[in-house]
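Please open the structure in a viewer and keep the selection tool at hand.

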Amino acid sequence: MDHALDAVLEIFSWIGFAGAAFFGALWLVLWAADGSWLPVQAIVDRDGEHPAVRWFGTDGAHHAFLAPHDAATLDGADEATVWHRVGRPEQVRLTRRPPALDAVGWGAVGLAALGVVTLIGSWVVLFVRG
């Protein structure tokens, strides 16, 4: 029974570090697959059936249709900063990175913290027992 705490701390440290490695690798793959996005100052156009944004880039004028949730966010705005994908200006979004990337990153950080805390806890138990 004395070593049950040692086993629990050991298991949680392995879970923490292995989970952090997995989510860290997943974050890296998602980050690379996301590609490069550039910010532009765009005019919100609501004249057509679907709301769109229009802007001038280094390679000319561009426009892109907004997703329904982005159009609802920009409701009432005449202009906004949007992010467009390099090489594919018809793809726009309102944030630099997708929210899922942040969630995976915070998951990796949280699991790494779990691993560190349980590792320190196991060291404390080791030295307290002598």
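The count of aromatic pairs is 2, where rings of Phe, Tyr and Trp (its six-membered ring) pair if their centres lie within 6.5 Å; planes under 30 degrees apart count as stacked, over 60 as edge-to-face and the rest as tilted. Select phenylalanine 22 and phenylalanine 23: this pair is edge-to-face, with 5.4 Å centre to centre and 75° between the planes. This is a predicted model, in which local features need pLDDT of at least 70 and side-chain atom pairs count only at pLDDT 80 or more, while totals for chains, interfaces and linings use all residues. Residues are numbered from 1 along each chain as its sequence is written, and side-chain values use heavy atoms, with hydrogens and water left out.

Next, select tryptophan 27 and tryptophan 31. Why is this pair stacked? The pair is stacked because the ring centres are 6.2 Å apart and the planes are at 10°. Both residues belong to helix 1 (residues 4-34), 4 residues apart, or about one helical turn; helices (H or I, at least four residues) and strands (E, at least two) are DSSP runs, numbered from the N terminus.

Now move to valine 53. Leaving aside residues up to four places away in sequence, valine 53 touches several residues, among them Ala42, His62 and Val92; contact means heavy atoms within 4.5 Å.

Finally, select tryptophan 37 together with arginine 93. The charged end of arginine 93 sits over the ring of tryptophan 37, 3.8 Å from the ring centre; this requires NZ of Lys or CZ of Arg within 6 Å of the ring centre and within 35 degrees of the ring normal.
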